[in-house]
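Hi,

Here's the model I promised to pass along. Have a look at it first, and then read on for my notes.

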Protein chains: 2
Amino acid sequence: MSGIETLPGIEPLGDATPFVDRIHEIIAAIRLFDDFEGREIEMLARYMRCYRAVQGTEIIREGEAGDFMLLILDGSAEVIKQDARGLPQVLAAVGPGKTLGEMSLIDGEPRFSSCVALDPLEFAVLDRASLSRLVTEEPHLGVKLLMELLMLLNQRLRTISAELIACREARRLRIR
Amino acid sequence: MSGIETLPGIEPLGDATPFVDRIHEIIAAIRLFDDFEGREIEMLARYMRCYRAVQGTEIIREGEAGDFMLLILDGSAEVIKQDARGLPQVLAAVGPGKTLGEMSLIDGEPRFSSCVALDPLEFAVLDRASLSRLVTEEPHLGVKLLMELLMLLNQRLRTISAELIACREARRLRIR
C-alpha cells in the first residue's frame, strides 16, 4: 500500500466503494471525473482506498518520496512549501473535490509541497500500483482517467505559466 | 486533418511510417517514447502525419485554436509569446525530439505561444482526432502515450512551479 497507513493520525476506511455516493456528489461540482458514468466511478472506486485523518496531520511531506494522489471527500487541507529561507509558505487551501499529490503519483519524484489537514479530513487514495493495475485491467477506463489527469495538469500548467510570465514582467519593469 | 495543411510554407509528407527510423533515432536521445518498443513506435507512426516547413513559417500562432501537437524530426523552432505590451518575447528555441503544442492537443484551448521555424523544419503531427482513434483502437498503446504525455507535462509543471516560486521570492526581497 501507499505507506500512508503507517502515518500517525490516519485511520484506514477500506476501499472506496462505500464512498461512491459521496464521490458522485463531489464530481457533480468538479471537473475531474466529470464525464465518468456511474458504472465507471464504481469501477474506479475499487482501485482507491479511503482514509480519515485528524486535524493537523501532515498527509504529504515536502521532499519525501510518495507515489499516491488523494481526492478530498470531506474537510479541507493546506498546501505548504518552504521558501528559500526554509520558512513555510501557504500556497493554497483546498476542500472536497480537490486532488493533491498527482505529480508524485505520475513521476515518483519527491513531493513538491506538504499537505496538512485543517480539520478532520476524509480522502480517497489512488497509488501507483493501483493505477498500473487499473490501466492494465480496464484500459478504456484507464485512458479516461489519464485524460482527466492530463486536463488537470494542463490547466495548472497554463495558469502557472501565465503567472510566471506576469511575475517576470513585473520584475523587469521594477528593475529597469 | 489538423488545419495545418492549409498554412503557407508547409508541405505535407504523408503519414509518419517512412520516418520510423528517424523517430527511432530521436527517441534514443529523449525521454518521450523512451520505453516504447519498435513495434509500438511503428503503430504510433500510423496515427501521425509528417510535414516540412520552410524557414520563417509560423506553424503555431498564439491565441489561435489548435488541436495538434508536433514532434520535431529535423531543424529547429523558436517559441514566442507576446508580453503585456504586445511585444514578442522568445521563450525557448527547440530542436529534434522536442514536442510542441501538447497543451492545445489536450484541452483544445487557444495556443499559449507561437512557434516559428528557424530553419527548414521536418515534424510529425498528432492531432486530437488521431489521438482519440489511437486510444480507442489500441488502448494499451494509448495508455502508454498518455503516461508519457503526463510525465512530460508533469516535469514541466515542476520546473515552472519552482521558477514561479523563485521569481516571487526575488520580487519580495527587492520590494521589501
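Predicted model: local features only at pLDDT ≥ 70, side-chain atom pairs only at ≥ 80, totals over all residues.

Is L44(A) buried or exposed? It has 24 other C-beta atoms within 10 Å, so L44(A) is buried. You'll find L44(A) in helix α2 of chain A, which covers residues 38–45. Leaving aside residues up to four places away in sequence, L44(A) touches L141(A) and L145(A). S114(A) is another matter: 70 residues separate it from L44(A) in sequence, and the C-alpha to C-alpha distance is 26 Å.

Now the two chains. Chain B goes onto chain A by a rotation of 180 degrees with 0.0 Å of shift along the axis, and the RMSD is 0.0 Å. That's the relation of a two-fold axis.

How many residues does each chain put into the contact? Chain B gives 35 residues and chain A gives 35 residues. On the side of chain B that touches chain A, the elements giving two or more residues are α3 (102–107) and α5 (139–175) of chain B. The largest share of that side comes from α5(B), with 26 residues. By type, the residues on that side of chain B split into 19 nonpolar, five polar and 11 charged. And 100% of the interface residues of chain B are also interface residues in chain A, so the copies meet through the same surface.

On to the strands of chain A. There's an open sheet of four strands with antiparallel pairing, in the order β3-β8-β5-β6. Its edge strands are β3 (58–60) and β6 (88–94) of chain A, each of which pairs on one side only. On average, neighbouring strands in this sheet are turned by 35 degrees against each other, ignoring direction.

Six of its seven residues are buried, so β4(A) is largely enclosed by the rest of the structure. What does β4(A) pair with over six bridges? The partner is strand β9 of chain A (residues 121–127), in the antiparallel sense; there, D74(A) has E122(A) as its bridge partner. β4(A) is also joined by two bridges to strand β7 of chain A (residues 99–100), again running antiparallel, and L71(A) has T99(A) as its bridge partner in β7(A).

Last, helix α4 (residues 128–137). In chain A its buried residues are S130(A), L131(A), L134(A) and V135(A). Looking down the axis of α4(A), these fall within an arc of 130 degrees, so they line one face of the helix. T136(A) and E137(A), on the other side of α4(A), are exposed. In chain B, the buried residues of α4 are S130(B), L131(B), L134(B) and V135(B). They too fall within an arc of 130 degrees seen down the axis of α4(B), so they line one face of that helix. The face of α4(B) turned away from its buried side carries the exposed residues T136(B) and E137(B).

Cheers

Technical notes
Residues numbered from 1 in each chain as written. Chains lettered and ligands numbered in written order. Least-squares fit on C-alpha atoms with pLDDT ≥ 70 in both. Contact = placed C-beta atoms within 7 Å. Nonpolar A, V, L, I, M, F, W, Y, C, P; charged D, E, K, R; others polar. Buried ≥ 20, exposed ≤ 12 C-beta atoms within 10 Å, placed from the backbone. Arc of directions from axis to C-beta. Pairing = 2+ DSSP bridges. Axes fitted to C-alpha atoms, helices over the stretch in contact; angles between N-to-C directions.
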